[in-house]
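Please examine the sequence and the model before reading on.

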Amino acid sequence: ASFRRGLELAPDSSQGHHWYSIYLTQRRRFDEAIREAQLAIDLDPTSLTPRTHLAAVLVLGRRYRDGITQWESCIELGANQINTFRGLSKAYLYVGDTTKALEYARAAQSRALGHAADEELKGDVGYVLAS
């Protein structure tokens, strides 16, 4: 109710739609979450945060191919973060493309050498290889 009221007061708030989408995702209301994430993007087309969230929600909602397309567009727009590559790796794994999944898992790992997440990313690579 608070999110809806906030969006009534500020319907053009990209952040409001983005955070409402996160809430809806946590409630497993993926179709609504996708709509809210898209609204956030429409209101602030230059922000990468709602775009990467949309990619994650698409994958969580089992729209893997759409998620892959969104993750790839995030990379084209400059979202070369570890989690972007991890998301792509998982999406490709879910559609059965282990070659691409491994490629992106290793891309994530290569960006984290010496980083605290390095061990976790080694686990991601191992999981893809085991698959």
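## Packing of α1 and α2

In this predicted model, helix α1 covers residues 2-9 and helix α2 covers residues 14-26. Their axes lie 10 Å apart, and the two helices pack at an angle of about 165°. Angles over 145 degrees count as roughly antiparallel, and α1 and α2 are therefore roughly antiparallel to each other.

The crossing of α1 past α2 is left-handed. On the α1 side, the contact is made by Phe3, Arg4 and Leu7. The α2 side contributes Gly16, His17, Trp19, Tyr20 and Tyr23. Of the residues in this contact, five are nonpolar, two are polar and one is charged.

## Packing of α2 and α3

Helix α3 spans residues 30-43, and its axis comes within 8 Å of that of α2. The two axes cross at roughly 160°, and α2 and α3 are therefore roughly antiparallel to each other. This crossing is also described as left-handed.

From α2, the contact involves Ser14, His17, His18, Tyr20, Ser21, Leu24 and Thr25. From α3, the residues taking part are Phe30, Glu32, Ala33, Glu36, Ala37, Leu39, Ala40 and Leu43. Eight residues of the contact between α2 and α3 are nonpolar, five are polar and two are charged.

Side chains of opposite charge can pair when their charged atoms come close. The count of salt bridges in the model comes to six.

One of them joins Glu8 to Arg5, with the closest N and O atoms 3.2 Å apart. Both residues lie in helix α1, where they are three residues apart, about one turn of the helix. Glu8 counts as exposed because its relative accessibility is 55%, whereas Arg5, at 46%, counts as partly exposed. A further salt bridge links Arg63 and Asp66, whose closest N and O atoms are 3.1 Å apart. Arg63 has a relative accessibility of 35% and so counts as partly exposed; Asp66, at 37%, also counts as partly exposed.

## A buried pair and its network

Where do the partners Asp124 and Arg86 lie? Their salt bridge has its closest N and O atoms 2.5 Å apart. Asp124 belongs to helix α8 (residues 118-130) and Arg86 to helix α6 (residues 82-94), so the pair ties together parts that are 38 residues apart in sequence.

Asp124 and Arg86 are both buried. Through salt bridges that share partners, Arg86, Glu120 and Asp124 are joined into one network.

Conventions. Residues numbered from 1 in each chain as written. Predicted model: local features only at pLDDT ≥ 70, side-chain atom pairs only at ≥ 80, totals over all residues. Heavy atoms only, no water. Axes fitted to C-alpha atoms, helices over the stretch in contact; angles between N-to-C directions. Helix = DSSP H or I, 4+ residues; strand = E, 2+ residues; numbered from the N terminus. Parallel < 35°, antiparallel > 145°, perpendicular 65-115°, else oblique. Left-handed = near helix turned anticlockwise from the far one by under 90°. Contact = heavy atoms within 4.5 Å. Nonpolar A, V, L, I, M, F, W, Y, C, P; charged D, E, K, R; others polar. Salt bridge = Lys/Arg side-chain N within 4 Å of Asp/Glu carboxyl O. Buried < 20%, exposed > 50% of the residue type's maximum accessible area, 1.4 Å probe, protein only.
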